[in-house]
Amino acid sequence: MELKNINIEERMKHYNVQGLSITLLEGGEISGTENYGILEVESNRKTNEDSIFSACSISKYLTGVLAIKLVEEGLLDLDDDVNESLVSWKVPENDFTKNKKVTLRNLLSHQSGIKDPEGSFPELNSKIGVPSMVKLLEGKTPYCKTPIDVKCEPESEFHYSDAGFWIIQQLIEDVTEKPFHQVMNEQIFEPLGMANSQFNTTMLEVDRQNFSCGHNKNGELVDGKYPIYPYPAASGLWTTSLNLAELVRELMNAVKGESKVGISESLAKEMITPQRGKSWTGLGVFLESSEKELEITSLGWGVGFQCMMVAFPYLEKGAVIMTNAELGVHQMEGIIGEIYKSLLS
């Protein structure tokens, strides 16, 4: 993939985007990274290949890869009732779970019957601090005042769900008996050399030199500058475009049976296979088009940041685009969409 017919600096100015980082993949390898602009308006902190952005919901892609790795190890099963492995909290039984139980497959493909309560899941409020996943799931925090439960029969409907990924996080912590970010470090970040990636919500103490601030559609700093989400598995990832591209490469390799982290070819292919008759959803990723031209995507959109990961696993090419601007429109309608179209042209 290569950038054609687009003047990125001019388009950044047009959209009031302060900083942008792109890493491209070709032939199953990282072919280059390009960095533009600055990490904080009116600062001299230039964007470079070590610049760390909030990846927001692209976190779900990483959580999917980690969950599949734990399936490979036999710690999790895609089709078992998750309540058999959950210890600290259980999915509440109700009429919708009588005939069908919630499985990891359901949760990863947003078909568990769980619907996110409206107006929930804001960024971290430092006065309240980081709640436990159990308290969140029980609806006992200001972040979400409604207990999480199943609202329709599993596999009957698709509902994009952050809360579903909270359950996956709790499941991972319960079966490994370790904090989520530690499991991610050991199983994914370290084997792939993703040294500039982290899920730790106590990031407030880290060195800020490489961390990008968030900006709004006018190019102004957002409140708090570094919005953090206390829901790691759903939206807590901070990373570089280069690190994220390593995980795109890992999936391409796994599909060929050459995974670095130890995911089998069959499970890697399962991740990018339409789930339960829904052509657009895999396990932790979204899908488009036919077998050999299959396209997988993951989008991130949060306070002050928007980003996109796209890959064609069988063509062995892809791209990661990260920005420190929330434009108030879908990624495809802003600068990310323009870059994406130029890559495909």
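Biologist: Which residues does Ile-335 touch, not counting residues up to four places away in sequence?

Modeller: This is a predicted model, and contacts in it are read from heavy atoms within 4.5 Å. Ile-335 touches Ile-8, Arg-11, Met-12, Tyr-15, Val-17, Leu-20, Thr-323 and Leu-327. The residue is found in helix H10, which covers residues 335–344.

Biologist: Where is Thr-47 found, and what does its side chain meet?

Modeller: Thr-47 is found in the loop between strand S2 (29–37) and strand S3 (53–56). With a relative accessible area of 8%, Thr-47 is buried. A polar atom of its side chain lies 3.1 Å from the backbone oxygen of Tyr-36. Beyond four places in sequence, Thr-47 touches several residues, among them Gly-19, Leu-20, Ser-21, Asn-35 and Phe-53.

Biologist: How many residues of H5 are buried, and what is found at its ends?

Modeller: Of the 15 residues, 14 are buried, so H5 is largely enclosed by the rest of the structure. At its start, a side-chain oxygen of Ser-161 reaches to within 3.3 Å of the backbone nitrogen of Ala-163. Just after the helix, Glu-177 takes a positive phi of about 60°.

Biologist: At what angle do the axes of helices H2 and H6 cross?

Modeller: An angle of 65 to 115 degrees counts as roughly perpendicular. The axes of H2 (residues 59–72) and H6 (residues 180–189) come within 10 Å and cross at roughly 75°. H2 is therefore roughly perpendicular to H6.

Biologist: Which residues meet in the contact of H2 with H6?

Modeller: An α-helix has 3.6 residues a turn, so residues three or four places apart point the same way. In H2, the residues are Leu-62, Thr-63, Val-65, Leu-66, Lys-69 and Leu-70. They meet Phe-180, Val-183, Met-184, Gln-187, Ile-188 and Phe-189 in H6. By class, this contact has 9 nonpolar, 2 polar and 1 charged residues.

Definitions and conventions:
Residues are numbered from 1 along each chain as its sequence is written. This is a predicted model: local features need pLDDT of at least 70, side-chain atom pairs count only at pLDDT 80 or more; totals for chains, interfaces and linings use all residues. Side-chain values use heavy atoms; hydrogens and water are left out. Buried means under 20% relative accessible area, exposed over 50%, partly exposed in between (1.4 Å probe, protein chains only). Helices (H or I, at least four residues) and strands (E, at least two) are DSSP runs, numbered from the N terminus. A polar contact is a pair of N or O atoms within 3.5 Å; within protein, one must be able to donate a hydrogen and the other to accept it, and residues adjacent in sequence count only if both atoms are side-chain atoms. Axes are lines fitted to C-alpha atoms, for helices over the stretch in contact, and angles run from 0 to 180 degrees between N-to-C directions. Angles under 35 degrees count as roughly parallel, over 145 as roughly antiparallel, 65 to 115 as roughly perpendicular and the rest as oblique. Ala, Val, Leu, Ile, Met, Phe, Trp, Tyr, Cys and Pro count as nonpolar, Asp, Glu, Lys and Arg as charged, and the others, Gly among them, as polar.
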